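Subject: Structure for you to look at

Hello,

I am passing on the structure we talked about. Please open it first; my notes on what was found follow below.

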Amino acid sequence: MPLNRQQIAQRMAQEVQTGYIVNLGIGIPSLVANYVPNEKGVYFQSENGLLGLGPFPTQEQVDPDLINAGKQTVTYQKGASFFSSADSFAMIRGGHVDLTILGAMEVDTQGSLANWMIPGKMIKGMGGAMDLVAGAKKVIVAMQHTDKEGNSKLRKACQLPLTGVGCVHKVVTDWGVFDIKDGAFILTEHAPDLNPHEIKEKTEGLVIISSTCRPMVFDDK
Amino acid sequence: MSQNNKVYQNADLACHDIFNGASLAVGGFGLCGIPENSISALQKMRIKNLTCVSNNAGVDDWGLGLLMQTGQIKKMISSYVGENALFEKLYMTGQLEVEFVPQGTLAERLRAGGAGIPAFYTPTGVGTPIAENKEVREFNNRQYLLEMGITTDFALVKAWKGDTFGNLIYRKTARNFNPMVATAGKITIAEVEELVPTGSLDPDSIHTPGIFVQRIYQGSGYQKRIEHLTLSEN
C-alpha cells in the first residue's frame with residue numbers, strides 16, 4: 001500500500017533539522033508540524049506575517065486577527081514575531097528561510113514544478129509559492145505520486161505553467177522519497193509495501209534506484 | 001496640513017471622492033485586516049471600473065467580493081484568489097481582467113512604489129509565465145526579472161489603533177499588506193478600530209507613521225469574519 005497523508009507528513013518531518021526556520025504550504029505540508037518534536041527548536045514561518053506559529057487554538061483562544069497563510073485560525077509560540085508582507089518576503093527571497101515544503105501538481109526531472117494554474121480550467125494564483133521556491137535554501141515537494149486518473153505527477157517535463165525552474169531538491173510522495181539530481185529522480189526510500197522496480201516503471205520521469213535504497217522507516221509517535 | 005484636517009466622521013465622508021475608473025490599493029490578507037467600512041462605502045457609492053491591487057479578492061459575499069457581486073471592479077492585481085468562486089467565474093467568462101503577481105513581488109511592488117523606486121529586480125518567477133515580456137538581467141550568475149513599483153489613486157488600509165495625525169498600529173497578522181499599501185496611495189484612507197488623540201500612542205510602537213496617511217476615521221461594526229475556523233483537537 002502507498003503511504004497515507006499522515007505518513008507522508010511523518011516522513012517529511014525527518015527532513016526538518018534542529019534550529020531550522022521552515023515554511024509549510026497548504027495541504028499535506030501543513031501536517032508536517034505535527035511530527036516535528038519541540039526539542040528541535042524549529043520556528044515555522046507563515047508568509048502572511050508570523051514567525052513562530054503555534055498549534056491551532058482552543059475555542060477560547062480564537063482570534064480573527066491571528067491566522068496562517070491558509071487563512072486558518074492559529075496561535076503563536078514563545079519567541080514569535082509579527083511583521084509586514086514586505087518583511088516576510090525579505091525573509092523568504094533573501095535566503096533566510098532554511099526549508100520550504102509545498103505541494104505540486106507536477107514536478108519534473110530538472111527540478112521544475114507547477115502548482116498554480118491549469119489553463120482554461122482552474123486559476124487560483126501562485127500566492128507566495130514562486131517567491132518561496134526562488135528564495136528558500138531548500139525546497140521539498142510533498143504530494144501524491146499520481147493524479148486522480150492515475151497519471152504520474154513526476155514528469156519528464158512539466159506540461160502545466162511553471163511555478164519555478166530547477167528549484168526542487170527533493171520529492172516525497174506516497175510511493176517514495178526522491179532526490180532530484182542530474183536530470184533524474186533518485187529513489188532513496190520506498191513505501192514499505194511497494195517494490196522499487198514497480199515504482200520506477202510506473203513513473204513517467206526517469207527514476208534511478210539508489211544503491212542504498214531502503215524501505216521508509218517511521219519514528220514512533 | 002494641520003493634523004485635524006485628516007479626521008473624518010465616517011467611511012462615506014472619507015471615501016466621498018473616489019471616482020469611476022480609480023485605482024485602489026487595498027490592505028488585508030484573506031479576510032484578515034481588510035478595510036471593511038471603506039469597502040462597504042464603495043459598494044454604496046456604486047462607482048465602477050475600479051482597478052484593485054489586493055493580495056486576495058475576498059470571498060463571494062465579503063471583502064472585495066462584495067464589489068465583484070455588484071460588478072464594480074474592472075481589474076484585479078492579486079496573488080491568490082482561490083477563496084472566491086465568483087471571481088473564477090467572472091474571469092473565465094471575460095468579465096474581469098486579472099494580473100497575477102507573486103505575493104512577495106506584489107508586496108515589494110507596493111513598497112517600492114511608495115518609496116519612490118520605479119522598478120527593481122527579483123529572482124521570483126524567472127522562467128515562468130509571469131516573466132513574459134519582462135526584462136531579464138543577470139547578477140552574480142543568476143537571472144532576475146524587472147518588476148515595476150505600484151502607486152495608486154487611493155489606498156485603503158485598516159489598523160487597530162490610530163491617532164489624529166494618522167499614525168497607525170496594526171494587530172498581529174492583521175498587519176500583512178497594510179503598511180505597504182499605506183505608502184502606495186496618492187490619498188491613503190485609514191480606518192481604525194480606535195481613534196485616539198495625538199500623543200496617546202508610543203512613538204516607538206508606530207508601524208505606519210502618519211505622513212503616509214491623508215485621511216483617518218474610526219470604523220464601526222467590525223465583523224472580522226474568519227475564513228477557516230480551525231481548532232485544536234484537545
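How many salt bridges are there between chain A and chain B? The count is five. Please keep in mind that this is a predicted model. One of the salt bridges joins the side chains of Asp65(A) and Arg171(B), with 2.8 Å from N to O.

On the side of chain A that touches chain B, at least two residues come from each of β4 (76-82), α3 (85-93), β9 (122-123) and α4 (129-135). The largest share, four residues, is supplied by α3(A). Sorted by class, this side of chain A holds 22 nonpolar, 16 polar and eight charged residues.

Next, the extent of the interface. Chain A puts 46 residues into the contact and chain B 49 residues. About 3900 Å² is buried between the two chains, and carbon and sulfur atoms give 62% of that area. Of the area that chain A buries against chain B, 20% is supplied by Asp65(A), Lys71(A) and Ile123(A), more than by any other three residues.

Last, the nonpolar cores. The largest has 49 residues, and Val32(A), Val107(A), Leu113(A), Val141(A) and Val168(A) have the most contacts inside it. Another core lies apart from it and has 44 residues, including Trp116(A), Trp62(B), Met76(B) and Val98(B).

Regards

Methods:
Residues numbered from 1 in each chain as written. Chains lettered and ligands numbered in written order. Predicted model: local features only at pLDDT ≥ 70, side-chain atom pairs only at ≥ 80, totals over all residues. Heavy atoms only, no water. Contact = heavy atoms within 4.5 Å. Buried area = accessible area lost by both parts, 1.4 Å probe. Salt bridge = Lys/Arg side-chain N within 4 Å of Asp/Glu carboxyl O. Nonpolar A, V, L, I, M, F, W, Y, C, P; charged D, E, K, R; others polar. Core = buried A, V, L, I, M, F, W, Y, C linked by side-chain atoms within 4.5 Å. Buried < 20%, exposed > 50% of the residue type's maximum accessible area, 1.4 Å probe, protein only.
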